[in-house]
Amino acid sequence: MKKIKHITYILSLSLLLIPVVLRAQQPGSQGKMINELQDSYDREYGLDNKLYNGIKYTNQYYNYDGNPYLLEKALSGSVTIDSTKFAEQHILYDIYNDQLIIDVQQANLHTSFIVPTEDIDEFRIGNRCFVLQPDDPTKKNILEKVYEGDISCYLDWKKETQLRSQTSGYTYVFTDAVWEGILYMDGNKYEFHSKRSFLKMVPKSIRKNIKSYISDQHIKIKRSDIRRLNEVVAYWDQNK
């Protein structure tokens, strides 16, 4: 089980956030110490304590083959929390534990934080958008938003671990990332995991049309290639 440590000093330092006017009124060495702590906090975390108000992340899988992430390394993206957007963040999406990780790289600091999932409005990596599952009251499940309209489509990404034997013994290996599709239409929820199961959800009156579009556009809907699924759902939504 992943061992994680709360960043208690962040909470402690947050209590020291006081107006500049009051700083000048701090007497003696105690006031100087408070000012120094405040300055250090501001230098390292700026005004983004809403973003960094999470749990320190420690990778417990360094001796596993593979990694728990959707993408191999931290990439630039944005995170929106409580309607506040934080741009140019280094983001890792851990799909094994379904959690968002911010990799902080500053002059005197290199650490990683887990953003509390229930606080996330959305986060973006490149042109990919991730949100909380619309019908999940626990606000714990992250989905990739593929398309949103009268028909809305999402992907639920997962990885698993397997124990494999080697000449030197046994080792744990992460599987490749796999997805389960979720479609919301007419107040109902549907799930799919392949082209065949996707097409079963399409009404018979337009199914042939959708199949022809997929074929004509050379679009794949399979475990290893889902990049153009948004085009198919958009076409369906516009021609239903």
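1. Surface and model. The chain exposes about 14,300 Å², of which carbon and sulfur atoms supply 48%. The model under review is predicted. Buried residues account for 42% of the 240 residues in the chain.

2. Confidence. The average pLDDT of the chain is 82, and 78% of the residues score at least 70. Over residues 1–27, however, the pLDDT is below 50, although this stretch has 43 contacts in the model beyond near neighbours in sequence. Where pLDDT is low, the predicted coordinates should not be read in detail.

3. Overall fold. The chain contains six helices and 14 strands. Among its contacts with a separation of 6 or more, 52% join residues 24 or more positions apart.

4. Tryptophan 157. This residue belongs to strand β10, which covers residues 151–158. Its relative accessible area is 7%, under the 20% limit, so tryptophan 157 counts as buried. Leaving aside residues up to four places away in sequence, tryptophan 157 touches Leu70, Ile95, Arg128, Phe130, Glu144, Ala177, Val178, Trp179 and Ile226. With one of these, glutamate 144, there is a polar contact between side chains at 2.7 Å. Aspartate 98 is 59 residues from tryptophan 157 in sequence, yet their C-alpha atoms are 8.3 Å apart in space.

5. Tyrosine 93 and phenylalanine 130. A search of the whole structure gives 14 aromatic pairs. In one of them, the ring centres of tyrosine 93 and phenylalanine 130 are 5.3 Å apart and the planes stand at 65 degrees, so the pair is edge-to-face. Tyrosine 93 lies in strand β4 (residues 84–94) and phenylalanine 130 in strand β8 (residues 128–132); the pair therefore ties together parts 37 residues apart in sequence. Tyrosine 93 is buried at 2% relative accessible area, and phenylalanine 130 is buried at 1%.

6. Phenylalanine 198 and tryptophan 236. Here the ring centres are 5.7 Å apart and the planes are at 90 degrees, so this pair is also edge-to-face. Because phenylalanine 198 sits in helix α4 (residues 195–201) and tryptophan 236 in helix α6 (residues 229–238), the pair ties together parts that are 38 residues apart in sequence. Both residues are buried.

7. Aromatic cluster. Tyr61, Tyr64, Tyr96, Tyr172 and Phe174 are linked into a cluster by ring pairs.

8. Cysteines. How many disulfides does a search of the whole structure find? The search finds zero. Cysteine 129 is buried, at 5% relative accessibility, and cysteine 153 is buried with a relative accessible area of 0%.

Conventions:
Residues numbered from 1 in each chain as written. Predicted model: local features only at pLDDT ≥ 70, side-chain atom pairs only at ≥ 80, totals over all residues. Heavy atoms only, no water. Helix = DSSP H or I, 4+ residues; strand = E, 2+ residues; numbered from the N terminus. Buried < 20%, exposed > 50% of the residue type's maximum accessible area, 1.4 Å probe, protein only. Contact = heavy atoms within 4.5 Å. Polar contact = N/O pair within 3.5 Å; in protein donor to acceptor, adjacent residues only side chain to side chain. Disulfide = S-S within 2.5 Å. pLDDT = per-residue confidence, 0-100. Areas by Shrake-Rupley, 256 points an atom, 1.4 Å probe, with all protein chains shown as cover. Phe/Tyr/Trp six-rings, centres within 6.5 Å; stacked < 30°, edge-to-face > 60°.
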